[in-house]
Amino acid sequence: MFTDDEPLPNSQRNHAVDVEGGYSDMKLAVIGFGQAGGKVLDRLLEYDLERGTGVVSHAIAVNSAKTDLMSLECVPEENRVLIGQTVVDGHGAGTEPSLGRQCAEADLQRIQTALDGATSEVDAFLVVAGLGGGTGSGGSPVLADHLREIYAKPVYGLGILPAESEGGIYNRNAADSLERFVDSVDNLLLFDNDAFKATGESLAEGYTAINDEIVTRFGSLFSAGELDALGDTIAESVVDASEIINTLGDRGITSVATPRRNWPKNRRDCSTG
Ligand SMILES: Nc1nc2c(ncn2[C@@H]2O[C@H](COP(=O)(O)OP(=O)(O)O)[C@@H](O)[C@H]2O)c(=O)[nH]1
Ligand SMILES: [Mg+2]
């Protein structure tokens, strides 16, 4: 999709991700915007396939950098949309959100063409982006605004905050983008790279583990209440798509945590009462 300016023939369009059946009630069209967005989407697809949940019924990766799109593994090639060729000629937006914004504005129609057909089957859209860079930071609010304008379905954002060690420019970009993104979506889910950065490890080395954390949290949020694909049991409290949508509400910011319990060393065995 990324070298051709002509609209694709129908047979090549709307390539849904092949998660056969799937157990999830909630169906999402997920758009990974920029490098982090694409990588998290790639991992989410893998998670969905491994578990047979079928939460992601449509996956689109959008980027102004051709090499980032080429390095994805699970997003089908025909669902990778190169934007802003007239602006940055396939080389990406660096750390300039204004370029990311221009790239998105120039090629909104290409993104929409890639999403066409998915829109009747999905319960919601999810736009995923790292907020500290250029393409995702500047472009994702533009796309979210557009989707909210033309579709009646909720549009959620998943924004990844940069680690403090990434420095001023990333953190400034993220602060500006956060302000715009929260206004463009029905709910903004946030994840902080700092929260899961292992000590002594560079951020880049830690991305694989961090992306697993992201996908486990947000994958299980959107598949809450599904049939357990492996164990054939129904989750204790069954939640359907409309309940997830009601929980997220129609504005604001959400963060997802999973409980951890540190048992005291000399705890009593519960069987002894
Ligand atoms: N969690 C996570 N964050 C990432 C990953 N790749 C890049 N980032 C972060 O995302 C932010 C934006 O970088 P990037 O996605 O490369 O920018 P873009 O391609 O211009 O949108 C930076 O703060 C990066 O540290 C990744 O795979 N996982
Ligand atoms: Mg990058």
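Visitor: In what order do the seven strands of the open sheet lie?
Guide: In this predicted model, local features need pLDDT of at least 70, side-chain atom pairs count only at pLDDT 80 or more, and totals for chains, interfaces and linings use all residues. Residues are numbered from 1 along each chain as its sequence is written, while chains are lettered from A and ligands numbered from 1 in the order in which they are written. Strands (E, at least two residues) and helices (H or I, at least four) are DSSP runs numbered from the N terminus, and two strands pair if DSSP finds at least two bridges between them. The pairing in this open sheet is parallel, and the order is E3-E2-E1-E4-E5-E6-E7.

Visitor: Which are the edge strands?
Guide: An edge strand pairs on one side only. The two are E3 (80–82) and E7 (253–254).

Visitor: Over how many bridges do strand E1 and strand E4 pair?
Guide: E1 covers residues 28–33 and E4 covers residues 124–130. Within this pair, Ile31 stands opposite Val127. The strands run in the parallel sense, and the bridges number six.

Visitor: Why do the buried residues of H5 line one face of the helix?
Guide: Arg110, Ile111, Ala114 and Leu115 of H5 are buried (20 or more other C-beta atoms, placed from the backbone, within 10 Å of their own; exposed means 12 or fewer, partly exposed in between). The arc is that of the directions from the helix axis to the C-beta atoms. The buried residues line one face because, seen down the axis of H5, they fall within an arc of 140°.
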